[in-house]
Amino acid sequence: MRAFWLLLFCVISALFCPVASAEFTAIDTPSDGGGSVTLCWSAYDFVGSSAADTLTIYRRNVGSIAWKLIAVAALSDESHLDDSVADGKPYEYMIVARGGDSSSNLYAGPVSASAQWYNAHRTTVLIGTLVCVLTLVAVTLLSRRNKPFYIRPIKGLEAVDEAVGRATEMGKPVLFTPGWGGDIQRPTTIAALNILRYVAAKTAEYRCDLYFPTHDPVIMAAAEEVVRESYIEQGQADMYNADNVFYTSSSQLGYAAAVDGVVSRYKPAAIFLLGTFEGEALILAETGNSVGAMQVAGTDSTIQLSFFMVACDFTLIGEELFAASGYLTKDAKILSSVKVQDFLKIAIVALLFAGAIMVTFGSNTLAEWIGRT
Amino acid sequence: MDLSRLDRRIIYLLLLAAVAIPLTLKVNLPVSVGPETQKVYDAIDALPQGSRIMISFDIEASSLPEIQPVAIAIIKHAFSKDLHIIGLALFSEGTAIGYNLLSSIARSYDKEYGDDFIYLGYRPQYVSAILGMGENIRDVFPLDYRNENWLDFPAFSDLSDYDDIPLVVSLADGSLPTYWVEYAGARYGQKVATGLTAVMATSYYPYTASGQLEGLVGGLKGASEYEKLLGYSGGGQRGMLAQSSGHLMIVLLVIIANLAAWRRKL
Amino acid sequence: MPLAVCFLAGVFGLVQYFSPHPMVVSTYSTLLDWVQIIFAFTLIVGVLSVFQMHFKRISRRERFWGFSIITLMAIVVMAVAGFAGGTDSGSVFVWMFDNMQVPMQSTVFALLAFFVASAAYRGFRLRNVEAGILLATALVIMLGRIPVGELIGDFVPASAEWILNVPSMAAKRAVLIGIGLGSITTALRVILGIERSYLGRN
Amino acid sequence: MELGTLVALVLTLLIFSFLYRENPFYRFAEYLLVGISVGYYLVIISRNTIYPLVIDKLFLRGEMIVLVPVILGLMMFARLNRRWAYMSRLPLSLMIGFGAGISIPAMLQARILKQMSASMQSLFTINGIIILVGIVTTTAYFFFSRKQEGFYGEFTKLGTYFLMVFFGATFGYTVMSRISLLIGRLEFILRDAIGLIS
């Protein structure tokens with residue numbers, strides 16, 4: 001891929017500086033962190049020198065006389081990346097067809113390397129990011145004026161209230177765990193914490209115990225804040241018990257064993273498995289099943305979804321987990337970002353059609369532009 | 001007897017029998033090599049003698065039984081091709097596993113620590129570690145697993161970042177290959193291949209299809225394919241009969257459950 | 001203050017992706033190191049809180065408090081072995097890891113084989129079209145990925161392969177795209193300070 | 001039998017006893033496992049992160065800048081005391097904010113753009129059409145602004161069929177993994193521990 005861009009660059013530079021590039025050009029490598037010069041030439045120039053077997057490339061500082069060999073290239077090569085230069089120093093280059101006629105030597109430069117602030121190869125991602133940011137800002141601003149956005153019912157979400165209510169009736173606790181697969185840097189975890197905020201408010205309201213075991217101490221810290229705030233908001237600060245939000249073990253099965261322990265000791269009536277889960281998913285779900293808990297699961301780990309579908313009462317599939325936090329809390333900001341996701345989906349589907357039609361008729365331009373890195 | 005509500009423990013026993021009995025028989029089932037395994041084999045086989053390969057043990061102790069045959073096959077291949085292995089772990093439990101596996105296989109190939117392989121050890125926060133190594137491996141791992149300065153080993157003294165490593169193999173039981181692809185691959189153009197538990201393999205077909213991954217060796221089946229390519233019979237091939245009868249037992253159980261439910265309705 | 005830090009760190013985390021400049025890159029790798037160091041300290045906090053919890057259980061003689069002693073002892077023995085005896089092969093630490101942690105964890109994981117069997121028995125019922133599709137696909141894949149499938153006929157592994165590469169992959173991509181969108185908007189809300197429940201109230 | 005193998009065998013059997021039902025033997029193994037794994041992490045993190053990134057840099061190389069994350073890390077200890085807990089919000093927000101920032105381009109690139117690019121296939125092939133239809137209908141299922149009824153409802157229903165294929169496929173593949181793990185454990189018991197098979 002890198003070679004492709006290099007080549008593309010050489011083609012473009014050939015178009016723009018026809019005189020110099022007909023033979024041999026040396027330019028500061030674009031979109032890099034400095035320290036390199038890109039050399040381009042046309043293999044055609046050396047086809048004539050039939051005796052030549054390889055190309056050798058030399059470099060010297062401007063002002064010095066001696067040339068230093070820096071690379072050997074095959075006759076068919078058309079470019080070379082010299083990444084052994086210092087930034088800001090001017091260099092000259094010479095390319096020699098070894099065994100060929102010395103009159104065929106080509107020269108380029110002076111050129112000096114520098115670092116760029118912007119990596120042009122990532123323009124696609126930049127445009128995508130800007131589209132996301134602008135849509136989010138626009139929709140958020142609009143939502144202040146208009147009534148809250150409509151979100152279709154998400155199957156299973158009514159169950160959240162039902163589950164907490166059931167636990168209260170039975171005088172049993174509620175358990176919420178975000179899985180072993182995520183850390184606080186993962187947006188899924190943040191979405192799960194949003195749902196935790198809602199669940200904690202419910203358990204505070206119903207005066208019902210809430211346990212939150214986790215494998216990550218940082219998630220523990222954030223969850224403590226979330227739960228405590230919910231309890232304070234509900235005016236139940238006295239009910240909040242910091243010991244109920246706890247770190248178990250960072251090891252996957254250590255965590256699973258500890259959560260299983262909590263489940264079998266306290267026999268919660270409602271279990272929320274929301275976050276990023278790995279192999280421990282079915283262990284937790286089956287143990288929850290065996291104590292007869294009502295289970296609401298949701299994850300962005302595509303593999304574990306099938307287990308949750310089989311073993312849990314309700315399962316939020318991938319993006320539904322993100323939408324669920326908006327649907328439950330009726331929080332205008334989260335609802336508007338669900339709206340943003342929907343707008344972007346329309347754009348994505350439109351692009352998919354456009355790209356597929358273009359590919360069908362032989363053009364990969366859009367597909368490559370979107371997929372480039 | 002109502003078969004549609006069979007006691008769990010009977011199901012457990014049936015499965016146990018279906019897996020344990022074939023294990024005591026010595027039968028090697030015929031294996032055909034899938035394209036994904038072939039791709040990994042080719043990628044490693046194409047590396048010239050003396051080039052480097054990074055093997056990351058991104059696994060938990062719990063999935064060792066499944067990943068071990070895959071790991072052994074890939075490490076054997078790398079050593080037999082005289083590649084220089086850089087081992088590391090991004091899951092802490094992979095740390096000791098990786099070191100033990102590398103050292104024990106190295107012994108049978110007469111490979112020496114420092115000359116033919118090094119083991120960098122473990123870093124938490126895999127995203128940071130993967131990205132950091134794209135800038136400078138030394139910054140992420142100033143010292144190796146033995147707390148030695150690995151730059152003192154001549155074979156690795158010029159190792160700086162991904163540009164010096166033609167191929168990274170992530171041996172994983174979780175979603176670590178995603179991070180290798182999303183960060184090392186997308187950001188630094190690093191070639192990444194993976195050896196996975198079978199459960200993770202479905203997730204990575206899109207990545208092999210889109211070229212983000214060089215290939216994948218999936219679970220015991222993948223291991224048996226790789227073993228076939230290398231020409232020996234290891235844990236992969238040994239387990240194939242038990243694997244097959246285990247699957248058939250589950251298929252049978254599903255059929256029985258449905259027939260029983262259907263009969264109850266009549 | 002925390003919101004400002006969050007915003008700045010977030011914007012930098014986002015912007016650095018687009019810049020190859022050495023200044024940006026070195027700031028970025030410094031930050032990466034910092035995050036690792038903070039995490040390491042947080043882990044110690046986590047371990048301390050595990051101690052706190054089990055001490056409380058033991059001192060209050062809560063149910064199963066005796067088992068808490070086992071946990072505490074195991075932590076201490078493992079830590080002493082690791083710090084005093086080292087982590088090379090042949091050390092007590094590695095011995096405990098190899099002969100206690102690894103076998104226990106892999107056995108907990110192996111329980112899943114049984115759970116999968118009982119979940120399949122209970123869950124795979126032909127109730128409607130969706131359940132039928134789920135069941136049929138699972139059966140084809142289960143047969144297609146073992147050598148026995150090849151003995152039945154080449155079409156079995158071939159259709160398993162096709163399912164994985166075409167319809168299953170299409171759905172998977174849509175799921176991934178959806179998760180990507182959800183993650184991006186959530187991350188943006190965090191950076192912009194719209195999302196701050198994790199910070200609690202001031 | 002070696003002591004190590006014996007210990008491993010006993011612990012393996014204790015865990016397997018859970019299949020009959022939850023019992024004190026299993027509980028013993030469970031608490032032991034939690035303790036050992038926590039101890040393991042403590043050692044590995046100290047030796048592999050705190051030593052090289054903090055102690056080595058700070059005391060042996062005198063890189064004073066390391067003090068910044070060390071102080072931020074120490075602020076996390078404030079969590080242990082409720083009155084000082086608010087101090088931990090600073091390192092917390094640094095980690096969360098930074099993580100959110102780097103995840104955006106990464107998610108966009110690998111989860112969205114790459115997947116889109118790979119899905120743009122020629123519609124002259126059956127597979128190309130199926131993939132496009134699959135992605136579009138499944139995406140429609142995840143469209144939250146509209147109720148799933150009428151013709152549109154049928155359309156999203158097709159999306160759920162694709163999802164079911166995906167779940168079925170994953171389940172099938174997972175069975176494979178789980179059985180392999182069991183094979184690994186049984187091989188240990190039958191071969192390494194009691195020597196029933198060679």
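Guide: What follows sets computed values against the definitions behind them.

Guide: This is a predicted model, in which local features need pLDDT of at least 70 and side-chain atom pairs count only at pLDDT 80 or more, while totals for chains, interfaces and linings use all residues. Residues are numbered from 1 along each chain as its sequence is written, and chains are lettered from A and ligands numbered from 1 in the order in which they are written.

Visitor: Why are H10(B) and H5(C) called roughly antiparallel?

Guide: The axes of helix H10 (residues 235–265) of chain B and H5(C) cross at roughly 160° and come within 9 Å. Axes are lines fitted to C-alpha atoms, for helices over the stretch in contact, with angles from 0 to 180 degrees between N-to-C directions. Angles over 145 degrees count as roughly antiparallel (under 35 as roughly parallel, 65 to 115 as roughly perpendicular, the rest as oblique), and H10(B) and H5(C) are therefore roughly antiparallel to each other.

Visitor: Which residues of H10(B) and H5(C) meet?

Guide: B:His247, B:Ile250, B:Val251 and B:Val254 in H10(B) meet C:Leu135, C:Leu139, C:Met142 and C:Leu143 in H5(C), where contact requires C-beta atoms, placed from the backbone, to lie within 7 Å. By class, this contact has 7 nonpolar, 1 polar and no charged residues; Ala, Val, Leu, Ile, Met, Phe, Trp, Tyr, Cys and Pro count as nonpolar, Asp, Glu, Lys and Arg as charged, and the others, Gly among them, as polar.

Visitor: How many residues does each chain give to the contact of chain C with chain B?

Guide: Chain C gives 40 residues and chain B gives 44 residues. The largest share of the side of chain C, 14 residues, comes from H4(C), and that side of chain C divides into 26 nonpolar, 9 polar and 5 charged residues.

Visitor: What makes strand E4 (68–74) and strand E7 (106–112) of chain A edge strands?

Guide: Each of these two strands pairs on one side only, in an open sheet of 4 strands with the order E4-E3-E6-E7 (chain A) and antiparallel pairing. Strands are DSSP runs of E with at least two residues, and helices are runs of H or I with at least four, numbered from the N terminus.

Note on methods
Contact = placed C-beta atoms within 7 Å. Pairing = 2+ DSSP bridges.
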